[in-house]
Amino acid sequence: MEQQFDAVLTGSDSSVEGIATMINYPGYNRAYEFSAIDGTIQMLIVQDPNGQWHRVSGSEPYFAGWVDELVEQISKVDNTTAI
């Protein structure tokens, strides 16, 4: 089941609108890919077996807080996501 939703990250000058998509990523419980609508940001985050979220790839530079922002939005649409 592919889960997809609109997501917004805080950029340095303004908000960055995009789409977050749940994907399969080997070795992890959950993975989401964020892709900005304007193509400026791409980020892949995964949830490890301990429930912690990590950025494993994406565009540079990026803000460390984006992982937390995206996880917060994921938790609103995915009842099985532990934060």
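A contact, as the term is used here, means heavy atoms within 4.5 Å. On that basis, residues 24 or more positions apart account for 30% of the contacts in the protein chain with a separation of 6 or more. The structure is a predicted model, in which local features need pLDDT of at least 70 and side-chain atom pairs count only at pLDDT 80 or more, whereas totals for chains, interfaces and linings use all residues. Residues are numbered from 1 along each chain as its sequence is written, and side-chain values use heavy atoms, with hydrogens and water left out.

## Overall architecture

The protein chain contains one helix and five strands; helices (H or I, at least four residues) and strands (E, at least two) are DSSP runs, numbered from the N terminus. Their order along the sequence is β-β-β-β-β-α. The radius of gyration of the protein chain, taken over C-alpha atoms, is 12 Å, which agrees with the value near 12 Å for a compact globule of 83 residues. The globule rule behind this comparison is 2.2 Å times the number of residues to the power 0.38. Along the principal axes, the C-alpha atoms fill a box of roughly 35 × 20 × 20 Å.

Of the 83 residues, 40% count as buried; buried means under 20% relative accessible area, exposed over 50%, and partly exposed in between, with a 1.4 Å probe and protein chains only. The accessible surface of the protein chain comes to about 5,100 Å², and 47% of this area belongs to carbon and sulfur atoms. Accessible areas come from the Shrake-Rupley method with a 1.4 Å probe; for residues, only the protein chains shown count as cover.

## Strand pairing

Two strands are said to pair if DSSP finds at least two bridges between them.

| Strand pair | Bridges | Bridge partners |
|---|---|---|
| S3 and S4 | six bridges | Arg30 and Gln47 |
| S4 and S5 | five bridges | Ile45 and Arg55 |

S1 has a covered face made up of Phe5, Ala7 and Leu9, and an uncovered one with Gln4, Asp6, Val8 and Thr10. Gln4 touches Ile19, Ala20 and Thr21, residues up to four places away in sequence not being counted. The C-alpha atoms of Gln4 and Ile74 are separated by 9.7 Å, although these residues are 70 residues apart along the chain. Strand S4 (residues 42–47) is mostly covered, with five of its six residues buried.

## The loop between S4 and S5

Asp48 has its place in the loop between S4 and S5. Asp48 counts as buried because its relative accessible area is 12%. Leaving aside residues up to four places away in sequence, Asp48 touches Tyr28, Asn29 and His54. Ala31 is 17 residues from Asp48 in sequence, and their C-alpha atoms are 9.2 Å apart.

Pro61 is found in the loop between strand S5 (53–58) and helix H1 (65–77). A cis peptide bond joins Glu60 and Pro61, with omega about -10 degrees.

H1 has 13 residues and reaches 19 Å from its first C-alpha to its last, close to the 18 Å expected at 1.5 Å a residue. The expected span is 1.5 Å times one less than the number of residues in the helix. The buried residues of H1 are Trp66, Val67, Leu70, Val71, Gln73 and Ile74. They cover an arc of only 165 degrees around the axis, which puts them on the same side of H1; the arc is that of the directions from the helix axis to the C-beta atoms. An α-helix has 3.6 residues a turn, so residues three or four places apart point the same way. On the other side of H1, Asp68 and Lys76 are exposed. What covers the buried residues of H1 includes strand S1 (4–10), strand S2 (15–23), S3, S4 and S5.
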